[in-house]
Amino acid sequence: MVQKNENIRNVAIIAHVDHGKTTLVDAMFRLSGVFREGKLVDERIMDSMDLERERGITISAKNCAIFWKNVKINILDTPGHSDFGGEVERALSMVNGAILLVDAAEGPLPQTRFVLKKTLEMGLRVMVVINKVDRKDARPAEVLNEIYDLFIDLDATEEQLEFPLLYAVGRDGVAMLSLEEKGKDLSPLLDAVIREIPAPEHDPDEPFQMLVSDLDYSDYLGRLAVGRIRHGRVGARDALIRIGEEGEQQALKITKLQVYGGMRLVEAEEAGAGEIVVLAGLENIFIGDTICMKDTPRALPRLKVDAPTVSMYFGINSSPLAGLEGKVVQSRKIRERLIRESQRNVAVQVRESEDRESFVVMGRGEFQLAILIEQMRREGFELSVGRPQVILREEDGKTLEPVEHLLVDCDETFLGIVTEKLSQRKARMLGLVNNGSGRVRIEFSVPSRGLIGFRDEFLTDTRGTGIMNSYLSGYEEYRGDFAARFTGSLVADRPGRGVAYAIYNLEPRGIMFIEPGDPVYEGMIVGEHNRDNDIDVNATKEKKLTNLRASGKDENIILTPIRPMTLEWALQFVADDELVEVTPKSIRLRKSELSAMGRHRLAGKKKVAAPGKGE
């Protein structure tokens with residue numbers, strides 16, 4: 001007979017990027033007494049990674065717990081970006097309901113659709129909170145209609161359509177059951193969680209079972225397995241087994257059992273059904289494995305996640321400057337780090353090359369892989385990475401490619417240029433809405449490869465005022481080739497250091513990436529050529545000095561300021577025959593083949609392989 005553990009609620013907070021999830025969790029902590037009165041606390045305490053604080057987004061799903069009216073509420077803060085969809089799927093496997101947070105002005109955006117679709121597919125109970133109702137441009141009534149339309153569009157059941165609704169100002173820690181109310185705190189929201197989110201169900205006659213939904217690592221305890229107990233109870237010294245993907249069994253011995261209390265982990269002697277626990281001392285454990293009692297081995301259904309859509313080359317840094325700025329340069333160390341990432345993140349897959357010096361890393365999107373590269377460079381790694389490539393499929397003799405549903409919001413004066421640029425990238429317009437406010441909202445169906453490198457171009461075209469969001473809508477037949485870049489590269493032809501005189505004289509050729517004094521080597525890309533071909537240039541050339549005085553005085557050289565080199569921009573810029581050299585201190589662009597002779601030889605082979613071109 002199925003029973004419910006009424007002392008626990010497990011709930012995920014899902015939303016689009018920047019709709020206020022993490023700020024709302026901060027307010028829940030304050031109200032529930034996790035922080036003592038007067039204690040100084042950082043904002044967005046759940047964004048514990050440096051990258052999350054810098055970018056203002058949630059990258060990895062995190063667990064915490066609060067107590068409200070003698071009920072423990074386990075809260076999972078999930079990422080709002082579809083590139084981190086693997087994190088969302090893992091988090092949702094541990095909960096019985098979700099709080100959908102929607103901005104009162106922006107309404108449901110593409111990523112809202114992505115996370116809500118996953119939630120409804122799992123049959124979870126959803127509460128809706130319309131946040132930021134204090135904004136001057138808030139339109140809560142229209143946003144509520146858009147939310148109903150979204151639920152219907154995602155085939156929500158009648159029960160899911162009758163969702164509890166609250167209004168909130170997360171920054172002020174206020175929630176209301178109606179707009180007419182003047183809220184005091186978040187107690188209406190926490191009361192609604194206890195009232196509306198189902199308590200976890202379990203069968204008291206079943207032995208202990210737990211699905212590993214997340215992994216962590218502690219320097220003191222080793223690998224940590226995180227998951228919700230489905231049935232039974234577990235003690236800190238129980239003899240358990242792991243059931244793997246192929247049904248293989250392995251004996252386990254727990255060294256420590258922990259549960260969440262606020263932001264911290266608290267040691268426990270035992271835990272019961274419905275509780276989210278962290279087990280320490282388990283080696284060779286993977287996400288999706290089942291942990292159960294030794295004498296009653298029974299596996300739970302494994303976690304299923306969407307397949308990767310983008311792949312990227314990772315290799316050692318083979319430039320002449322290798323090893324000068326990073327601590328970790330060996331391919332063996334890079335391999336260990338990538339394997340560790342694939343074990344912790346179900347959405348990442350790693351494939352080794354035959355020479356074992358390079359790897360193909362597959363993920364949900366180039367942003368997810370860019371975050372992985374940024375984490376590695378901060379850990380002291382040096383590596384070379386290639387341009388993101390979409391993963392194609394073959395079905396019934398046809399080539400299929402991933403296609404995104406893109407939503408663009410921009411001033412109507414930029415409608416023409418945005419539509420033109422996207423049509424060049426094989427996009428098809430699905431709809432256009434003009435509210436008469438001077439801005440338009442356009443929906444497109446566009447190949448995923450068409451969006452690689454488009455974001456910066458889009459921001460330039462819309463003078464930084466445009467907003468674009470997308471999510472994977474499925475696979476369609478390959479829509480044909482298009483030019484990814486209409487410019488070439490200025491490639492250094494010799495080693496040395498950049499010289500102001502040489503850079504000044506190269507500026508008419510294009511946009512420079514280096515400053516005087518920067519190290520340069522043969523094959524390094526020092527600028528963007530304003531034509532579509534690559535040219536070899538000398539960026540180290542100095543002005544010839546003679547013992548004759550010039551008739552006119554020398555002019556001061558004033559160079560055009562260079563744009564800061566960011567990892568995302570570099571990954572979008574590089575062509576298929578180019579690499580990004582990533583070190584803890586620098587990001588440089590280079591040709592895959594550094595030698596100018598080698599590049600000319602390869603170009604000659606391509607011409608022979610494609611006769612008739614250029615005749």
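I'm taking partly exposed to mean a relative accessible area between the buried cut-off of under 20% and the exposed cut-off of over 50%. Glu457 comes out at 26%, so I log Glu457 as partly exposed. I keep in mind throughout that this is a predicted model.

**Entry: the whole chain**

I started with the overall numbers. I get 15 helices and 38 strands for the protein chain. Of its 615 residues, 53% are buried. I then looked at contacts with a separation of 6 or more, and 72% of those in the chain join residues 24 or more positions apart. The accessible surface comes to about 29,600 Å², and carbon and sulfur atoms own 48% of that.

**Entry: Glu457 and its partner**

Back to Glu457, to see what its side chain meets. I found a salt bridge to Lys421, at 3.2 Å from N to O. Glu457 sits in helix H12 (residues 454–461) and Lys421 in helix H10, so the bridge ties together parts 36 residues apart in sequence. Lys421 has 18% relative accessibility, so I count Lys421 as buried.

**Entry: Arg425**

Next I checked the loop between helix H10 (415–424) and strand E28 (428–434), where Arg425 lies. Is Arg425 buried or exposed? Its relative accessible area is 6%, so I put Arg425 down as buried. I skipped its neighbours within four places in sequence and listed what else Arg425 is in contact with: Glu457 turns up again, and the others include Val446, Pro447, Ile452, Phe454 and Phe482.

**Entry: more salt bridges**

I count 39 salt bridges in the structure. I looked up a few more of them.

- Arg441 pairs with Asp409, with the closest N and O atoms 3.8 Å apart. This pair links distant parts of the chain, since Arg441 is in strand E29 (residues 439–447) and Asp409 is in strand E27 (residues 398–411), 32 residues apart. I have Arg441 as partly exposed at 23% relative accessibility, while Asp409 counts as buried at 15%.
- Glu578 pairs with Lys591, and here the closest N and O atoms are 2.9 Å apart. Strand E37 (residues 578–582) holds Glu578 and strand E38 (residues 587–591) holds Lys591, so parts 13 residues apart in sequence get tied together. I find both Glu578 and Lys591 buried.
- I also noted a network of salt bridges that links Asp103, Lys132, Arg135 and Asp137.

**Entry: helix H9**

I ran a length check on H9 (residues 366–378). Its 13 residues should span 18 Å at 1.5 Å a residue, and I get 18 Å between the end C-alpha atoms, so the two agree. How many of the 13 residues of H9 are buried? I count 11, so I call the helix mostly covered. Among the buried ones I see Phe367, Leu369, Ile371, Leu372 and Met376, and charged Glu374 and Arg377 are on the list too. After H9 comes Gly380, and I read a positive phi there, near 100°.

**Entry: Tyr501**

At 29% relative accessibility, I count Tyr501 as partly exposed. Which residues is Tyr501 in contact with, leaving aside neighbours within four places in sequence? I get Lys541, Glu542, Lys543 and Ile557. For Tyr501 and Lys541, I noted 40 residues of separation in sequence and 7.1 Å in space, C-alpha to C-alpha.

Conventions
Residues numbered from 1 in each chain as written. Predicted model: local features only at pLDDT ≥ 70, side-chain atom pairs only at ≥ 80, totals over all residues. Heavy atoms only, no water. Helix = DSSP H or I, 4+ residues; strand = E, 2+ residues; numbered from the N terminus. Buried < 20%, exposed > 50% of the residue type's maximum accessible area, 1.4 Å probe, protein only. Contact = heavy atoms within 4.5 Å. Areas by Shrake-Rupley, 256 points an atom, 1.4 Å probe, with all protein chains shown as cover. Expected span 1.5 Å × (residues − 1). Salt bridge = Lys/Arg side-chain N within 4 Å of Asp/Glu carboxyl O.
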